[in-house]
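Please keep the model open while reading.

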Amino acid sequence: MKAMENWNTKVLPSDDESIAQAAALLQAGEVVGFPTETVYGLAANAYDTKAVAKIFKAKGRPQDNPLIVHIASLDMLSPLVSEVPELAKKLAKAFWPGPMTMILPKSDRIPDAVSAGLSTVGIRYPSSETARKMILASGLPLAAPSGNLSGHPSPTTAAHMLHDMNGRIPMIIDGGECEVGLESTVILVKPDRVRLLRPGGITVEMLEEICPVEVDNGVLHAVAPDAKVASPGMKYRHYAPVAEVTIVEGSLPAFDRYMQQQARDGVYAMVFDGDEKGLPVPALPFGKEGHPEDQAYRLFDLLRKCDDLGAKKVFVRSPDQSGIGLAVYNRLLRAAAFRIVKLEDEE
């Protein structure tokens with residue numbers, strides 16, 4: 001079998017011919033990069049343990065980190081799960097196709113390699129037309145984490161994914177920039193409520209229109225190293241550039257004073273649009289204050305840009321945690337390994 005590191009990775013347009021080639025590779029047990037509305041994914045046949053193992057090898061991903069299975073129609077759901085609770089049906093009607101993953105009891109067809117040995121599996125029905133076409137062309141449910149090296153910022157363009165996966169996989173389908181820019185919302189479905197395990201484009205406020213929502217402690221706090229987790233993105237340091245990231249909470253004047261103290265070569269700031277004026281260090285604006293959709297869309301691209309610039313330390317103004325802002329804050333927490341500085345205004 002061809003060594004994964006020796007592939008001449010092709011980046012092909014998202015046309016029917018390329019999708020047919022990708023489908024053939026998936027049917028042959030290989031791994032393919034593809035776009036979704038959230039981030040680019042690294043896909044393999046969810047029923048094939050050997051193919052799934054290639055995902056972990058390509059990413060350098062810990063084996064106890066479960067994968068999400070992607071489908072392209074509701075008809076594909078029943079073979080993957082042992083039951084579909086009534087609340088799951090209501091949520092699917094409201095938010096599928098879209099950036100929501102539901103954790104459900106798995107069927108015997110799901111290998112332990114996909115579920116990390118758990119009795120549950122995450123299922124997602126993406127809204128990306130290219131993703132759905134590839135799933136349907138392959139005739140397979142696709143296990144797919146984000147298409148980056150484990151721990152690095154997730155890819156929101158084919159170029160991001162090629163940077164991490166060049167030589168590791170045979171093909172990436174280029175579907176342009178991802179619409180959302182952050183991974184899907186992950187929820188554990190209970191009889192009368194859901195537990196939010198990872199925030200994303202389907203927000204707490206949106207879910208609360210359907211049912212009560214519990215926010216898991218792991219969304220905003222570190223999870224114990226020996227804990228079993230039902231969702232990707234909960235346990236390990238994720239989304240991080242090489243640079244040391246620190247979240248800074250406080251007003252812009254307080255942030256400015258703090259950066260005066262931190263200013264030196266290799267120090268950068270990630271701030272809201274317009275905040276960069278007058279700062280003593282190079283600044284990367286990552287969206288308008290109070291507009292978390294902008295921040296979500298630009299976050300991973302800017303974290304990658306920090307590495308391109310050779311940044312050693314990056315100080316990030318803390319975003320608001322309402323709406324998709326909770327997802328932005330969650331990703332920054334993981335990128336910063338929960339390193340937070342809280343500033344006070346001068347009286």
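In this predicted model, Asp16, Ile19, Ala22, Ala23, Leu26 and Gln27 of α1 meet Thr130, Lys133, Met134, Ala137 and Ser138 of α5, where contact means heavy atoms within 4.5 Å. Helices (H or I, at least four residues) and strands (E, at least two) are DSSP runs, numbered from the N terminus. The residues of this contact divide into six nonpolar, three polar and two charged; Ala, Val, Leu, Ile, Met, Phe, Trp, Tyr, Cys and Pro count as nonpolar, Asp, Glu, Lys and Arg as charged, and the others, Gly among them, as polar.

Two packed helices are described by the angle between their axes and the distance between the axes. The axes of α1 (residues 16-27) and α5 (residues 129-138) come within 8 Å and cross at roughly 50 degrees. Axes here are lines fitted to C-alpha atoms, for helices over the stretch in contact, and angles run from 0 to 180 degrees between N-to-C directions. The two helices α1 and α5 are therefore oblique to each other: angles under 35 degrees count as roughly parallel, over 145 as roughly antiparallel, 65 to 115 as roughly perpendicular and the rest as oblique. The crossing of α1 with α5 is right-handed; a crossing is right-handed if the near helix is turned clockwise from the far one by less than a right angle, and left-handed if anticlockwise.

A second pair is formed by α9 and α10 (residues 325-335), which pack at an angle of about 25 degrees with their axes 8 Å apart. These helices, α9 and α10, are therefore roughly parallel to each other, and their crossing is left-handed. On the α9 side, Pro292, Gln295, Ala296, Leu299, Phe300 and Leu303 take part, meeting Gly325, Val328, Arg331, Leu332 and Ala335 of α10. By class, this contact has eight nonpolar, two polar and one charged residues.

Helix α9 also gives the most to the lining of the largest pocket, with five residues. A pocket is, on a 1 Å grid over the protein atoms alone, an open set of points with protein on both sides within 12 Å along at least five of seven lines; a cavity is a set of points where a 1.4 Å probe fits but cannot get out, and lining residues have an atom within 4 Å of a point. About 180 Å³ of space lies in the largest pocket, whose lining includes His152, His160, His163, Asp301 and Arg304. Six charged, three polar and two nonpolar residues make up that lining.

How many cavities of 30 Å³ or more does a search of the whole structure find? The search finds one, and the largest cavity holds about 270 Å³ of space. Grid points are joined across faces, edges and corners, and a volume is the space filled by probe spheres set on the points. Of the 28 residues lining this cavity, Ala144, Pro145, Ser146, Glu183 and Arg198 lie nearest its centre. The lining has 15 polar, eight nonpolar and five charged residues.

Two backbone features remain. Trp96 and Pro97 are joined by a cis peptide bond with omega about -10 degrees, and Pro97 lies in the loop between α3 (86-95) and β5 (100-105). Ala337, although not a glycine, has a positive phi of about 50 degrees; Ala337 belongs to the loop between α10 and β16 (340-342).

Residues are numbered from 1 along each chain as its sequence is written, and side-chain values use heavy atoms, with hydrogens and water left out. In this predicted model, local features need pLDDT of at least 70 and side-chain atom pairs count only at pLDDT 80 or more, whereas totals for chains, interfaces and linings use all residues.
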